[in-house]
Amino acid sequence: MTDTERHHRTGVPERPSLDGLAEKWAPRWQEEGTYAFDRSRTRSDVYSIDTPPPTVSGELHMGHVFSYTHTDLVARFQRMRGRTVFYPMGWDDNGLPTERRVQNVYGVKCDPTLPYDPAWQPPKRPVSDEARKQPVPISRRNFVELCEQLTAEDEQAFEALWRRLGLSVDWSLTYTTIGPVARAAAQRAFLRNLARGEAYTAEAPALWDVGFGTAVAQAELEDRERQGAYHRLRFEVVASGPGSTGTAAAPGPGRDERYVHIETTRPELLPACVALVCHPDDERYADLVGGTVTTPLFGVEVTVYPHPLADPAKGSGLVMVCTFGDLTDVTWWRELRLPTRVVIGRDGRLLPEPPEAVPAQPYAQLAGLPVNAARRRIVELLTASGDLVGEPTPVTHQVKFYEKGDRPLEIISTRQWYLRNGGRDAELRAGLLARGRELNWVPAHMWHRYEHWVSGLTGDWLISRQRYFGVPFPVWYRLDDTGEPDHAQPLTPDESALPVDPTSDVPVGYVEAQRGQPGGFVADPDVMDTWATSSLTPQIVGGWERDPDLFARVFPMDLRPQGQEIIRTWLFATLVRSHLEHGVLPWRDTILSGWILDPDRKKMSKSKGNVQTPMGLLDEHGPDAVRYWAANGRPGTDLAFDPAQIKVGRRLGTKLLNASKFALGLGAADALRAPATEPLDRAMLARLSAVVADATAALDRYDHTDALQVTESFFWTFCDDYIELVKERAYGEGPGADSARAALAAALSAQLRLFAPFLPYVTEEVWSWWRYGSVHRAPWPTTYEVQRVAADGDPALLDLAGAALTQVRRAKSERKLSMRTEVPLAEALGPAALLEQLATIAGDLKAAGRIGKLDFLPDRTPELVIACAF
């Protein structure tokens, strides 16, 4: 049964109101399948959207409303253009944000060494701050179950808000990134990456978030300003380099006869020092290149190397290389093939034992200390030994953080899974850049952000996380006779067995009793980065390898809408996975949202505490008003949150109700598709035809703001000028009245459909008064449709009529007279040709202005003047 058969005319209510429309129509749309995807249609009839799955870790805010409304505008427009729209909704419910929310809400932490307790019950919410500071340890399985429970609650709240906002999602297509379908897809893609050599495991330095206790990827970094201090340390020269003439360079700011100086903000890494580097052209240290120095306090000999990344103008020009202080240290370590001396553990404390070649006695005073405490202690020791030269110099510098973390990142050598992304493969990088150029970017300049990111990659994508609530790697390792895992030859399941959890499932050929035993097996303990799952959203929701018929109808998809700040993560990662697996772009177009700013023009974010939640605004002003505000923001352009704009949207919705009631009260409903014959009617419809063309072109290029503005501008002219000019005629009988009613009907029908993507509730309500079916299943208006009612109209005549009526109104207003006041005589002055045009609508002007007699005085003034006598 179609919407046309289901929706019946309801008649015009006596007192139409915006209140209650969401409660009335949202359930009906769901019950009647108004937005259901028709999978019987061919691929050319499908418009598929890779909808962003919001992270389920708290409340949605106005930034979400802003960007998701934009996507819904596209979906509604394409549906009215005759496409069957594949518009799913997903929930990104795994990963670190979810875990942190569970920890904060319940005051718990995961301890994977604990056994599962099926009788365990979470504490009552909310828990105290003290409980959060002293979290209760629970087993991994209990923790995961708690994550699933809380995300299920959050997802219900998210869905309720999206339904109220009026998103035209097909809710039967909803998925989660932790559900069995997503787990199977993510594990299948990984196994294929592994088989093709695109995924690999390696023991290597990785960025580590101490607070979350996991490695993080390059794409998830952000620089934050932090206060620090430069400490000037002296290293004693042991031997000059092999090219030295035996004469040291002249003493300068970086050295004296026996010592060289380095400046560092991280003196606690001194026991991890493995080399010093200088620029190859720095003459101050030319005699030291290849020579050795000893580290202060520890007396460890390290070699001096040349390297172009050393900046002669920074500090002394000589740099301490530690394993590892920053990413440049990793570059030097790798390129110079330096030894490794790790001193910081995964908990952010200095390891209890010193690295090889570092004396135990001085190190013992640092062992076990947190980084900041170790820094303070080593400064004390360096001061006492005389190896700290001068006082530390305060500095504000950029420090790398995980984007969701609150502690500076460390670099720790760990075994991780990586996926090739072009960071170390020039051919793959070139292929991914080429894919980016194939993509239609809206706005176009966003391509440069992608290009800059891909061109600047320095390593492959680290996809493993040392966490719990995520998709596990489908991998086990054989244990040798000593119980050591064989990482070189991982055990993997057949795709038909997916999804698997290696911590509870057993690889083929083994039994559970062999888990953790020499000669047996052990599960890979890690889970996939959330982006490693989210990067497969087109495959997950499109039925990849699960529903080949559906996948063929929706993939590659038409649109990826998303935030500009995740070009480097979600967009790039999705493109990488599609390029490697399918050899195509995952979608044709991408729309990048701007940011929502607070009244101080600062980006709204949960971390800043300046977010505005939407439900109260939806209740107070109605969803259409909130959508109106969102639609006034263009793709890629920031928009300030402005409650006044929401009020404008509500006034627009109210005016649409009242103007529609008035037009239908004149009998417009019975005149639909009848011809409009009068000049003013044809002029109005000619202008409307141009509006339809402009709005359609704007939406075709994803410029919803232009489409709304041109539609709204015409609507106010229609209400303020046209209706006032023709209402007296429309009340009457005869051809003139028939023409007015036909024009009103055609204009109302077209305008309701033009507004439908923006104001879905009020347009559906008005449509139900006089038309069958849903406005959202009605065809998008066309210029042909409008011109068929009235051909050869002159839109300039509508402007002229409006200008004349405005002058009459102004004359009354200046005299503080009611608009109903009669004007016994009015004179129209202006160019003869202009007055000839005005004469064709003189009857409408006289009726609207209550003019008794209207005289035309040509060529008396260069412009139109309406002089009123009272």
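Trainee: In β8, which residue is the bridge partner of Asp209?
Mentor: The bridge partner of Asp209 in β8 is Thr214. This is a predicted model, in which local features need pLDDT of at least 70, side-chain atom pairs count only at pLDDT 80 or more, and totals for chains, interfaces and linings use all residues. Residues are numbered from 1 along each chain as its sequence is written, and side-chain values use heavy atoms, with hydrogens and water left out.

Trainee: How many bridges join β7 to β8?
Mentor: Strand β7 (residues 199-209) and β8 run antiparallel and are joined by 2 bridges. Two strands count as paired if DSSP finds at least two bridges between them. Strands themselves are DSSP runs of E with at least two residues, helices are runs of H or I with at least four residues, and both are numbered from the N terminus.

Trainee: What is the strand order in that sheet?
Mentor: The order is β8-β7-β16-β18, an open sheet of 4 strands with antiparallel pairing. Its edge strands, each pairing on one side only, are β8 (214-215) and β18 (461-462).

Trainee: Changing topic: which residue of β24 is the bridge partner of Val442?
Mentor: Val442 has Ile591 of β24 as its bridge partner. Strand β17 (residues 440-442) pairs with β24 in the parallel sense over 3 bridges. Ile591 is also the bridge partner of Pro561. Strand β23 (residues 557-563) runs parallel to β24, and 6 bridges join the two.

Trainee: What does the chain pass through from β23 to β24?
Mentor: The chain passes through α16, and this β-α-β crossover is right-handed. The term applies if, with the strands pointing away from the viewer, the path from the first strand over the helix to the second runs clockwise.

Trainee: Why is β24 described as largely enclosed?
Mentor: Strand β24 (residues 587-593) has 6 of its 7 residues buried, so the strand is largely enclosed by the rest of the structure. Buried means under 20% relative accessible area, exposed means over 50%, and partly exposed lies in between, with a 1.4 Å probe and protein chains only.

Trainee: And α16, how many of its residues are buried?
Mentor: In α16, 12 of its 15 residues are buried. Among them are Trp570, Phe572, Arg577 and Leu580. Helix α16 (residues 567-581) reaches 20 Å from its first C-alpha to its last, close to the 21 Å expected at 1.5 Å a residue. That expected span is 1.5 Å times one less than the number of residues.

Trainee: Which residue follows α16?
Mentor: Gly583 follows α16, and its phi is positive, near 70°.

Trainee: Next, what is the order of the sheet with 3 strands?
Mentor: The order is β28-β27-β29, in an open sheet with mixed pairing. Its edge strands are β28 (851-858) and β29 (865-869), each pairing on one side only. Strand β27 (residues 823-830) pairs with β28 in the parallel sense over 7 bridges, and Leu829 has Leu857 in β28 as its bridge partner.

Trainee: Which strands does α25 touch?
Mentor: Helix α25 (residues 795-814) packs on the sheet, touching β27, β28 and β29, and its direction makes about 35° with that of β29. Axes are lines fitted to C-alpha atoms, for helices over the stretch in contact, and angles run from 0 to 180 degrees between N-to-C directions. Contact means heavy atoms within 4.5 Å. Helix α26 (residues 832-839) also packs on this sheet, and its direction makes about 155° with that of β28.

Trainee: Lastly, is Asp844 buried or exposed?
Mentor: Asp844 is buried, with a relative accessible area of 9%. This residue lies in helix α27 (residues 842-849). Leaving aside its neighbours within four places in sequence, Asp844 is in contact with Leu680, Leu725, Val726 and Arg729.
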